[in-house]
Amino acid sequence: MTTQMTPAISPAVRATAPPRFHLLVKPSGSTCNLDCTYCFFLSKEALYPNSKSRMAEATLEAYIRQLLEAHRTPTVMVAWQGGEPTLMGLDFFKQSVEFVNQYRRPGQEIEYSFQTNGVLLDDDWCAFLKEHNFLVGLSVDGPQPIHDTYRLNKGGQGTFKQVMRGWEFLRKHGVDFNILCTVNAANQHHGRQVYRFFRDELGAEWMQFIPIVERATAETLPIANLGWSERPGGHRLLYTQEGSLVTERSVGGEQYGRFLVDIYEEWIRRDVGKVYVQLFDVTLHAYFGEHLLCIHAPTCGYGPALEHNGDLYTCDHFVEPRFKLGNIHETHMLELVASPPMRRFGDNKRDLLTQQCRDCDVRQLCHGGCPKDRFILSRDGEPGHNYLCAGLYLFFNHVRPTMNIMAQLVRRNEPAARVMEWVKAEDAKRGRNDPCPCGSGRKFKSCHGRPASD
Ligand code: SF4
Ligand code: SF4
């Protein structure tokens, strides 16, 4: 076990820095054993051309030590992300737990999370993940034909079967897992089918749906449409947040909202209190002024990303030279998180809202979405509006009546799940041939009025 000098935290920063932040760590950089077509993170390997992209033990120790020093909350999240973190091997993570035990202060509770494509999971991995109560995020995009559209291995083959093997190991060892599903051109019209697959076939109780929005310029679009991995003799782009076009794999702006509503209408009838869908939970908390997710918070800047060599960036979506804050071997991570460039980055989320967002009647739920998606013109022709706005508005507007009821129930100390009684009563007033309230245009009986077993 190594010990090393660590950069200091100045008293001024200590007094004003956020008490907690959510650091995403990329121990293998953007290196991955798969080749998912939409994954522009693969292109970020080009940022470190002469590097092995493997976190050294000294960087691991500096990271854990500084993270634990920086937090003034009893709970600290140690969150591993990729690329694919399992490429580091199990011993790396065993060592990380040893460093945590070496540096944690009395009373500090550690929550571990780990995002993986699942392909390398086995008995040894899952026994370790269970022993230390990791919450594992497993990337799956839906049933096999949907998943295999873009989630490919290096040979261009679909990975569904390999991922399901990893899922079986997770289940066998009783590891808590969360499905991370991207919303893309292949599954955007199949929200309910995808949701039911996770709930009924995979037994998932936690899910997140992440829109795929791959930006490009007119010049880069043809190459971007081919994907982001390295090809012999081929062009390779470094993905940056530039351009107002999107690849053909990206979800449609309005369709993203329709996908969410499709799932919400299933969830609100059957699964409130049983299945946790991140955005639904985030939306309900917003009624109480709590912002659980940076994307729909007024400001951001509390979710930096740490590269394998100790470089710290403002956010995982902005791992680009101009958004690098510094390196934790030179400057303590709390100094970087509290630095003026990071505060400016976070405040810009609020300060650069378009007038359309400022006037929007769901602003308190949406807050303009993630700055990475703000690249279209607003209704008034103002640049910097969110590409997903039509879908975000559709979703937040659609859920308001039932979210209002859930918020009232929670205020009265009653279970939010009682909203399902209200929905059932409303459904009883509806004719089977009436239009489905999801807005699909289909009859209720052949849309969300169908039994769960259909
Ligand atoms: S840029 Fe987007 S993902 Fe990154 S911290 Fe801000 S809201 Fe969150
Ligand atoms: S729904 Fe659209 S206009 Fe309203 S806050 Fe969100 S991005 Fe802005």
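Tutor: Let's begin with one helix. The buried residues of α10 (278-286) pack against β6 (206-211), α9 (253-270), β9 (276-277), α14 (363-366) and α15. Helices (H or I, at least four residues) and strands (E, at least two) are DSSP runs, numbered from the N terminus. "Buried" means under 20% relative accessible area, "exposed" over 50% and "partly exposed" in between, with a 1.4 Å probe and protein chains only. Contact means heavy atoms within 4.5 Å.

Tutor: A word on the source: this is a predicted model, where local features need pLDDT of at least 70, side-chain atom pairs count only at pLDDT 80 or more, and totals for chains, interfaces and linings use all residues. Residues are numbered from 1 along each chain as written, chains are lettered from A and ligands numbered from 1 in written order, and side-chain values use heavy atoms, without hydrogens and water.

Student: How many residues of α10 are buried?

Tutor: Seven of its nine. They are Q278, L279, F280, V282, T283, L284 and A286.

Student: And how do I read a nonpolar core?

Tutor: Nonpolar side chains tend to be buried together in soluble globular proteins. A core here is a set of buried Ala, Val, Leu, Ile, Met, Phe, Trp, Tyr and Cys residues joined through side-chain atoms within 4.5 Å. The largest has 127 residues, and Y63, W80, I179, F198, F209, W267 and M406 have the most contacts inside it. Helix α15 (residues 389-411) gives this core its largest share, nine residues. Another core, of five residues, lies apart from it, with L47, Y48, Y313 and V319 among them.

Student: What does F209 touch?

Tutor: Leaving out residues up to four places away in sequence, its contacts include F198, Y256, F259 and V277.

Student: Is R54 buried, exposed or partly exposed, and which residues does it touch?

Tutor: R54 is partly exposed, because its relative accessible area is 33%. It sits in the loop between β1 (24-25) and α2 (57-70). Beyond four places in sequence, R54 touches P27, S28, T31, L87, M88 and H308.
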